[in-house]
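Please keep the sequence and the structure in view while reading.

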Amino acid sequence: QLGVMTPHEAIKVAESKALDLVEVSPNANPPVCRIMDYGKYKFMEAKREHAARAKQKNIVVKEVKFRPRTDDHDFEFKVKHILRFLEEGDKVKIVVMFRGREVVHRDIGYRIIEDVLKRVGDKCLIEKP
């Protein structure tokens with residue numbers, strides 16, 4: 001800290017050190033400035049931001065579709081896919097598709113979802129039942 005000084009003096013001090021005078025808090029009384037290498041500061045800030053972005057993991061929602069007439073082998077195959085997606089860290093959305101008059105038998109759709117949850121329930125966290 002160099003204390004309170006005129007803007008002209010502060011610019012002189014910054015130029016003598018081959019650095020920049022950066023206004024940190026313009027609304028303060030008197031305004032607060034910092035002597036620093038602004039280019040280096042911006043570079044390091046961008047580098048930190050890039051590192052933070054690299055550490056983030058994108059959450060992917062995989063959708064697995066079932067039909068009321070899905071065969072046993074196909075059902076097992078899709079359950080294996082669900083387990084693999086969960087192991088990879090993805091979220092899985094289970095959809096039961098009805099066509100035409102199949103909509104009348106919603107109880108079959110609920111049974112399919114319950115059966116899937118029985119098989120993968122211990123390996124997952126259910127968000128929306």
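By class, the lining of the largest pocket in this predicted model consists of 13 nonpolar and six charged residues, with no polar ones. That lining holds 19 residues, and those that lie nearest the centre of the pocket are Val 92, Lys 93, Ile 94, Glu 127 and Lys 128. Helix H3 (72-87), strand S4 (91-96) and helix H4 (106-120) are the elements that each give two or more residues to the lining of this largest pocket, and H4 gives the most, with five residues.

The second largest pocket is lined by 16 residues, with Gly 3, Met 5, Pro 31, Val 32 and Cys 33 nearest its centre. Here the elements that give two or more residues to the lining are helix H1 (7-16), strand S1 (20-25) and strand S2 (32-36), and S2 gives the most, with four residues. The lining of the second largest pocket divides into 11 nonpolar, three polar and two charged residues.

| Pocket | Volume |
|---|---|
| Largest pocket | about 700 Å³ |
| Second largest pocket | about 550 Å³ |

In soluble globular proteins, nonpolar side chains tend to be buried together. Which residues make up the largest nonpolar core of this model? The largest nonpolar core has 11 residues in all, namely Val 64, Phe 66, Phe 75, Val 79, Ile 82, Leu 83, Phe 85, Val 96, Ile 112, Val 116 and Val 120. Strand S3 (61-66), H3 and H4 are the elements that give two or more residues to this core, and H3 gives the most, with five residues.

The cysteines complete the picture. How many disulfides does the structure hold? The structure holds zero disulfides. Cys 33, which is one of the residues nearest the centre of the second largest pocket, counts as partly exposed because its relative accessibility is 40%, a value between the limits of 20% for buried and 50% for exposed. Cys 124 also counts as partly exposed, because its relative accessibility is 24%.

Conventions
Residues numbered from 1 in each chain as written. Predicted model: local features only at pLDDT ≥ 70, side-chain atom pairs only at ≥ 80, totals over all residues. Heavy atoms only, no water. 1 Å grid on protein atoms, 1.4 Å probe; cavity = no way out; pocket = protein on both sides within 12 Å on 5 of 7 lines; lining within 4 Å. Points joined across faces, edges and corners; volume = space filled by probe spheres on them. Nonpolar A, V, L, I, M, F, W, Y, C, P; charged D, E, K, R; others polar. Disulfide = S-S within 2.5 Å. Buried < 20%, exposed > 50% of the residue type's maximum accessible area, 1.4 Å probe, protein only. Core = buried A, V, L, I, M, F, W, Y, C linked by side-chain atoms within 4.5 Å.
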